[in-house]
Amino acid sequence: MSEFLNHLDVHGIAELFLRIAAVFVCIIIHEVSHGYAAYRLGDPTAKDRHRLSLNPVRHIDPVGLLMMVVAGFGWAKPVPVNPKHFKNPKSGMAITALAGPLSNFVLAFFAALICNMLLGIGTAAGTSALLYWLFRFFTMLTALSIGLGIFNLIPFPPLDGYKILSAVLPEHLYFKLMQYERYGMLVLLALVFFGRFDRFLMAAIQFVWSAMMSASEFVNILMISLLG
């Protein structure tokens with residue numbers, strides 16, 4: 001019995017470390033994509049403040065990180081953006097905001113593709129401890145990337161969806177929303193705490209997960225066919 005409990009502890013610790021590693025990858029890709037999009041559009045603010053770094057410490061919001069580890073969706077420290085540097089400030093903000101969630105969906109697709117490849121290897125050559133943990137990591141990476149991408153598209157401050165929505169709204173509605181933006185984080189935390197997003201998020205994540213796995217399986221089969 002003690003050996004079984006020890007095995008459970010080791011397994012649980014390994015799962016936790018893999019989950020944290022996957023969270024770091026998701027957050028880094030998400031935030032660097034924001035900063036790089038802004039930089040390409042003419043705003044050097046994120047670059048000047050070292051937010052194009054691969055160092056996760058520069059991007060982590062403690063509460064958002066905890067939510068990512070526990071719930072599978074969350075947020076990171078907002079990337080500083082100065083829209084005055086954009087030729088078209090509203091479209092520049094929308095593109096910069098969209099870059100983060102979009103990068104997570106791209107990451108999720110490639111992680112799902114690797115999952116399907118590992119399944120194929122396991123079927124053909126048999127399973128191993130290394131194969132199992134690699135599969136677990138990329139499964140977590142797929143799910144967490146999807147969760148981060150979908151959650152940040154919710155049109156609620158300070159999430160990316162709100163910034164995208166604000167960028168395409170008429171001026172009078174934009175300035176009206178700006179009056180309430182300061183309360184956004186407190187309201188968002190309350191809504192997350194009371195589980196108001198849970199049903200929507202779980203359904204959306206499951207839908208995108210199924211689509212990603214199906215698409216990646218198709219690509220994997222196509223690649224095998226082309227390579228003979």
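Reader: In this predicted model, is the crossing in which α4 passes α5 left-handed or right-handed?
Author: The model is predicted, so what follows describes computed geometry. Helix α4 covers residues 89-125 and helix α5 covers residues 129-152. The crossing in which α4 passes α5 is left-handed.

Reader: How are α4 and α5 oriented to each other?
Author: The axes of the two helices come within 8 Å and cross at roughly 155 degrees. Angles over 145 degrees count as roughly antiparallel. The orientation of α4 and α5 to each other is therefore roughly antiparallel.

Reader: How many residues of the contact of α4 with α5 are nonpolar, polar and charged?
Author: No charged residue takes part in the contact of α4 with α5. Its residues divide into seven polar and 19 nonpolar.

Reader: What is the orientation of α4 to α9?
Author: Helix α9 spans residues 198-227. The axes of α4 and α9 come within 8 Å and cross at roughly 55 degrees, and this crossing is right-handed. That angle makes the orientation of α4 to α9 oblique.

Reader: Which residues in α9 meet α4, and how many residues of the contact are charged?
Author: From α4, the residues are Phe105, Ala108, Phe109, Ala112, Leu113, Cys115, Asn116 and Met117. They meet Met212, Met213, Ala215, Ser216, Glu217, Val219 and Asn220 in α9. By class, this contact of α4 with α9 has 11 nonpolar residues, three polar and one charged.

Reader: Which residues is Leu141 in contact with, leaving aside its neighbours within four places in sequence?
Author: Leu141 is one of the residues that touch the most other members of the largest nonpolar core. Leaving aside neighbours within four places in sequence, Leu141 is in contact with Ala22, Val25, Cys26, Leu107 and Ala111.

Reader: Why does Leu98 count as partly exposed?
Author: Leu98 lies in helix α4 and touches Leu153 and Ile164, not counting residues up to four places away in sequence. Buried means under 20% relative accessible area and exposed means over 50%, with partly exposed in between. Leu98 is partly exposed because its relative accessible area is 41%.

Reader: What distance separates the C-alpha atoms of Leu98 and Tyr36?
Author: Along the chain, Leu98 and Tyr36 are 62 residues apart. Their C-alpha atoms are separated by 12 Å.

Definitions and conventions
Residues numbered from 1 in each chain as written. Predicted model: local features only at pLDDT ≥ 70, side-chain atom pairs only at ≥ 80, totals over all residues. Heavy atoms only, no water. Axes fitted to C-alpha atoms, helices over the stretch in contact; angles between N-to-C directions. Helix = DSSP H or I, 4+ residues; strand = E, 2+ residues; numbered from the N terminus. Parallel < 35°, antiparallel > 145°, perpendicular 65-115°, else oblique. Left-handed = near helix turned anticlockwise from the far one by under 90°. Nonpolar A, V, L, I, M, F, W, Y, C, P; charged D, E, K, R; others polar. Core = buried A, V, L, I, M, F, W, Y, C linked by side-chain atoms within 4.5 Å. Buried < 20%, exposed > 50% of the residue type's maximum accessible area, 1.4 Å probe, protein only. Contact = heavy atoms within 4.5 Å.
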